[in-house]
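Reader: Please take a close look at a single part of this model, the pairing of its chain with itself, and then follow the links that hold other parts together. I would like one connected account, with each cut-off stated where it is needed.

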Amino acid sequence: MCFDPNAIRCVNTCVCLAGFADLRCPDNVSVDSLNTRYVLRWDWPHESAVNQTVTFTVQYLASHEKYWTSMCVDVLEHRCDFTAAELHYLALYLLRVRANTSQRSSGWVQIRFCPDKHAALGPPSSVRLRSVKGHLEIIITDPVTSSNQSMKTLLDNNLRYLIQYWRRSEEPKKAKVLQTENNVVMLTDLDRQTWYCVRVQSRYDFYNKISVFSDTHCTRTEGQMPYWQIFLYFLISLLLSFLLVVLLSFCCYKMFTLLKNTFCPAIQLPDHIQELWLSDSEKPQLLAPESPESVCELLVMVSAELDAVAVDEHSNTEDQDSSTHGRHGSGDSGVYSTEEDSGHRSDLQMSSRKHREELHDGTLLEL
């Protein structure tokens, strides 16, 4: 272990050693570290060296060594990654940095660094969940070093884990807590067919190191679903089905209305057609007849035989007259008799036609 009482953060132990007074030393020197990854950072005001190129040099020295080892030489960035130096996790180191120009250098800024005490501890490398017969198995992978070795080998197996688990329907602040040193944990006090979420945190109690939580992982337990949950799902599905039917009906109605207004728009009918839709009290009505005689007359049917009889009687009368006239005028010539018969026949036809017209007119008048 690193027991150096002076191994504290840079803000309390930064020391600018002797150098050129007119070139400022780097400020706010600190180490960003996670497991065995180390990066030295600093600030430097460039306005103190206008029109000059300023570079930086970083060195480290182990407490059991006598020579400084250079890690970054004449770098422009305000950082130096010395993970590749493979510092011993339990050793104490001195780290220093200075600014350089082409003609001069600033003083060294030196800090103490002990990885075992100062390096931050990372969360587990991975967390996997597996449902086993209604239980939940948690498989935890240790945090690793820069060379992919387990941090347990550097911490003398003093690494522990804090596990938080909760139902996914709840908030993480209601999570249950379990601490363990094992990499495989089985959670048994869980409900069947329920979603649970898990996250894990690494802990190193010797220096009270606590990592951030890992990513949250969720899975569902197996087993028979509770009856109350089945009934609840049934009610929810029934309600959703009803709402779906109502929604579809409403959409169909709106679509039908839209199509009706598009292809069959409302048109104002003429006034004489709208009168047909008036109420019974507003419609014009015919007067009811007082008696059948007031609207009906007797229809007399005359047979066609009457017309033929009248024609025959008229023909007989004309024949008698014609015979008498023939006896008195027998001395006339045959030509005269023939012409007279033809004229008489024409007169007879005209008389018959006239009689039929008078008879027909009389019948119409009688009707």
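**Strand pairing and sulfur links**

Author: Serine 33 has tyrosine 38 of strand 3 as its bridge partner. This is a predicted model, in which local features need pLDDT of at least 70 and side-chain atom pairs count only at pLDDT 80 or more, whereas totals for chains, interfaces and linings use all residues. Residues are numbered from 1 along each chain as its sequence is written, and side-chain values use heavy atoms, with hydrogens and water left out.

Strand 2 covers residues 27–34 and strand 3 covers residues 37–43, and six bridges hold the two in antiparallel pairing; strands here are DSSP runs of E with at least two residues, numbered from the N terminus, and two of them pair if DSSP finds at least two bridges between them. Together, strand 2 and strand 3 make a hairpin with two residues between them, and asparagine 35, in the turn, has a positive phi of about 60 degrees. Strand 3 is also joined to strand 6 (residues 79–81), by three bridges and again in the antiparallel sense, and in this pairing valine 39 stands opposite aspartate 81 of strand 6.

As a general point, strands of a sheet pair through backbone hydrogen bonds, either parallel or antiparallel.

Sulfur links come next. Two disulfides are found in a search of the whole structure, a disulfide being a pair of cysteine sulfur atoms within 2.5 Å. One of them connects cysteine 72 with cysteine 80, at an S to S distance of 1.9 Å; the torsion about this S-S bond is about 85 degrees, so the disulfide is right-handed. Cysteine 72 counts as buried because its relative accessibility is 11%, and cysteine 80 is buried too, at 1%; buried means under 20% relative accessible area, exposed over 50%, and partly exposed in between (1.4 Å probe, protein chains only).

The other disulfide connects cysteine 197 with cysteine 218, with the sulfurs 2.0 Å from S to S. About this S-S bond the torsion is about 100 degrees, so this disulfide is right-handed. Because cysteine 197 belongs to strand 14 (residues 195–204) and cysteine 218 to strand 16 (residues 217–220), the pair ties together parts that are 21 residues apart in sequence. Cysteine 197 is buried, with a relative accessibility of 4%, whereas cysteine 218, at 32%, counts as partly exposed.

Cysteine 251 and cysteine 252 remain to be described. The cysteine sulfur closest to that of cysteine 251 is in cysteine 252, and because the distance is 6.9 Å, it is too far for a bond. Cysteine 251 is partly exposed, at 39% relative accessibility, while cysteine 252 is exposed, with a relative accessible area of 54%.

Conventions:
Helix = DSSP H or I, 4+ residues; strand = E, 2+ residues; numbered from the N terminus.
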